[in-house]
Amino acid sequence: SMIKGRYLETQVEKVIAYLKTMGYWGQKNYPYRTDSGIYIDGEPFDYYIITNKVKLAFDAKECNSARWQIRAKDIKQENNLVKLSRCGFDAFFLVYFVHEDKVIKFDIATVMQTLSQGRKNMKSNEGKEYRFEDILK
């Protein structure tokens with residue numbers, strides 16, 4: 001059985017490992033810490049994937065309810081993802097809805113629109129179902 005909170009990250013890490021064997025690039029970002037390991041700041045967002053066809057920047061979330069709750073940390077990451085979308089990246093949040101067993105992509109424009117309406121949660125049907133195979137084509 002998959003460790004709670006790790007399903008999506010495990011899938012992404014497999015995809016990245018495979019893409020690297022193909023000569024492409026994928027990377028996980030980590031929080032900033034001092035040399036002694038003291039936490040300074042969170043990671044800007046979770047992952048980059050760059051191939052000859054795609055430039056992806058995204059954050060991976062796991063959701064145990066019917067709605068993904070957008071938290072303060074997510075809004076900070078959203079601001080970083082907006083910058084990457086301006087540079088031609090496909091920037092998004094990838095949310096695994098555990099009870100539906102679905103991986104949903106919320107592109108950054110959709111998340112921004114939701115936040116601008118004063119709402120801080122999203123249901124799976126507001127995004128698009130996502131399959132990693134699409135990156136590998």
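Biologist: This is a predicted model. Leaving aside neighbours within four places in sequence, which residues is Glu-78 in contact with?
Modeller: Contact here means heavy atoms within 4.5 Å. With neighbours within four places in sequence set aside, the residues in contact with Glu-78 are Phe-93, Ile-108, Val-111, Met-112 and Leu-115.

Biologist: Where is the place of Glu-78?
Modeller: The elements of the protein run α-β-β-β-β-β-β-α-β-β-α-β-β-α from the N terminus on. Glu-78 has its place in residues 72–86, which form helix 2.

Biologist: What is the nearest side chain of opposite charge to Glu-78, and how far away is it?
Modeller: A salt bridge needs a nitrogen and an oxygen within 4 Å. Glu-78 is buried and has no salt bridge. The nearest side chain of opposite charge is 9.0 Å away, and it belongs to Arg-86.

Biologist: How many salt bridges does the structure hold?
Modeller: Side chains of opposite charge can pair when their charged atoms come close. In this structure, the number of salt bridges is 11.

Biologist: Lys-28 forms a salt bridge with Asp-46. How many residues apart are the two?
Modeller: The closest N and O atoms of Lys-28 and Asp-46 are 3.8 Å apart. Lys-28 is in strand 1, while Asp-46 is in the loop between strand 3 and strand 4. The pair links distant parts of the chain, and the separation is 18 residues.

Biologist: Is Asp-46 buried or exposed?
Modeller: A residue counts as buried under 20% relative accessible area. Asp-46 has a relative accessible area of 4%, so Asp-46 is buried.

Biologist: Which parts does the salt bridge between Lys-61 and Asp-74 tie together?
Modeller: The closest N and O atoms of Lys-61 and Asp-74 are 2.6 Å apart. Both residues are buried. Because Lys-61 lies in strand 5 and Asp-74 in helix 2, the pair ties together parts 13 residues apart in sequence: strand 5 and helix 2.

Notes:
Residues are numbered from 1 along each chain as its sequence is written. This is a predicted model: local features need pLDDT of at least 70, side-chain atom pairs count only at pLDDT 80 or more; totals for chains, interfaces and linings use all residues. Side-chain values use heavy atoms; hydrogens and water are left out. Helices (H or I, at least four residues) and strands (E, at least two) are DSSP runs, numbered from the N terminus. Buried means under 20% relative accessible area, exposed over 50%, partly exposed in between (1.4 Å probe, protein chains only). Lys and Arg count as positive and Asp and Glu as negative; His and the chain ends are not counted.
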